[in-house]
Structure formats: structure tokens, C-alpha cells
Amino acid sequence: MSYQYECNYQFEELLGQELFIDHKGQGWARCPFCKSNKFAFNTKKQVWYCHYCKENGHILKLAMLLRCSQFAKGVEKCLTEI
Ligand SMILES: [Zn+2]
């Protein structure tokens with residue numbers, strides 16, 4: 001059994017900086033946690049991984065870490081759009 005969902009979170013929006021994203025949806029940015037430039041993410045799979053501090057996860061986890069106060073609202077919005 002599987003299910004799919006989409007939500008409105010975008011890496012561009014969460015990271016709030018200029019990003020490099022290639023045609024496959026693979027991107028690089030400055031890590032919001034350790035400030036290295038080794039933060040890799042995939043806009044199609046909606047996952048991310050920092051090669052320096054080893055933080056990683058789904059874009060929803062990134063949203064939670066960066067925007068705790070807005071997270072509950074965001075999840076609620078995602079769920080209503082399923
Ligand atoms: Zn990092």
C-alpha cells in the first residue's frame with residue numbers, strides 16, 4: 001500500500017536564498033544549520049542531505065526545523081489538499 005501527497009513547501013521558499021538547481025531537480029545551497037555550502041536537495045523527491053553536518057530528511061522536516069510556529073498550519077493545509 002502506498003499513498004502520495006504534495007504540499008506547498010518549496011526548497012527555494014524555505015531556504016530563502018539563491019539556489020542552484022539542475023534540470024534533474026537536484027540542487028545545492030548553503031546549509032541553514034551548519035552554514036556550509038554542502039547542503040544538497042532533490043526537488044522531485046523532496047528530500048535533503050547536508051554532506052557536512054549530516055542533517056537530512058524530508059522537506060516537511062526541514063519546514064518543521066526552520067519554521068516551527070508555522071509547521072502545524074502547513075501540515076493542516078497539506079492534509080486538506082490530499
Ligand atoms: Zn549542514
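Predicted model: local features only at pLDDT ≥ 70, side-chain atom pairs only at ≥ 80, totals over all residues.

Visitor: Where is lysine 54 found?
Guide: Lysine 54 sits in the loop between β4 and β5. The strands are DSSP runs of E with at least two residues, helices are runs of H or I with at least four, and both are numbered from the N terminus.

Visitor: Is lysine 54 buried or exposed?
Guide: Lysine 54 is exposed, because 10 other C-beta atoms lie within 10 Å.

Visitor: Which other non-glycine residue has a positive phi, for instance?
Guide: Lysine 35, with a phi near 65°. Lysine 35 lies in the loop between β2 and β3, and it counts as exposed because it has 10 C-beta neighbours inside 10 Å.

Visitor: OK, zoom out. How many helices and strands are there?
Guide: The chain has three helices and five strands, in the sequence pattern α-β-β-β-β-β-α-α.

Visitor: What is the strand order in the sheet?
Guide: It is an open sheet of five strands ordered β1-β2-β3-β4-β5, with antiparallel pairing. The edges are β1 (20-21) and β5 (56-58); each has a single partner strand, so one side of each has no neighbour in the sheet. Two strands count as paired if DSSP finds at least two bridges between them.

Visitor: What packs on the sheet?
Guide: Helix α2 (residues 59-66), which touches β4 (47-50) and β5. The direction of α2 makes about 110° with that of β5. That angle is taken between N-to-C directions on a scale from 0 to 180 degrees, using lines fitted to C-alpha atoms, for helices over the stretch in contact.

Visitor: How many bridges hold each pair, going along the sheet?
Guide: β1 and β2 (residues 26-29) have two bridges, and β2 and β3 (residues 39-42) have four. β3 and β4 also have four, and β4 and β5 have three.

Visitor: Which residues face each other across those pairs?
Guide: Glutamine 26 stands opposite asparagine 42 in β3. Asparagine 42 in turn stands opposite valine 47 in β4, and tryptophan 48 stands opposite glycine 57 in β5.

Visitor: What about the turns?
Guide: β1 and β2 form a hairpin with four residues between them, and glycine 25 in that turn has a positive phi of about 90°. The β3 and β4 hairpin also has four residues between its strands, with glutamine 46 at a positive phi of about 65°. In the hairpin of β4 and β5 there are five residues between the strands.

Visitor: Now the core. Which residues make up the largest nonpolar one?
Guide: Ten residues: Tyr9, Phe11, Ala29, Cys31, Phe39, Phe41, Trp48, Cys50, Leu62 and Ala63. The elements giving two or more residues to it are β3, β4 and α2. A nonpolar core means a set of buried Ala, Val, Leu, Ile, Met, Phe, Trp, Tyr and Cys residues joined through C-beta atoms within 7 Å.

Visitor: Which face of β4 is covered?
Guide: The one with Trp48 and Cys50; Val47 and Tyr49 are on the uncovered face.

Visitor: And what does tryptophan 48 contact?
Guide: Leaving out neighbours within four places in sequence, tryptophan 48 contacts Phe39, Ala40, Phe41, Asn56, Gly57, Ile59 and Leu62. A contact means C-beta atoms, placed from the backbone, within 7 Å.

Visitor: Last one: what does tryptophan 28 touch?
Guide: Phe20, Phe39 and Ala40, not counting residues up to four places away in sequence. Tryptophan 28 is in strand β2 and counts as partly exposed, with 15 C-beta neighbours inside 10 Å.

Notes. Residues numbered from 1 in each chain as written. Contact = placed C-beta atoms within 7 Å. Buried ≥ 20, exposed ≤ 12 C-beta atoms within 10 Å, placed from the backbone.
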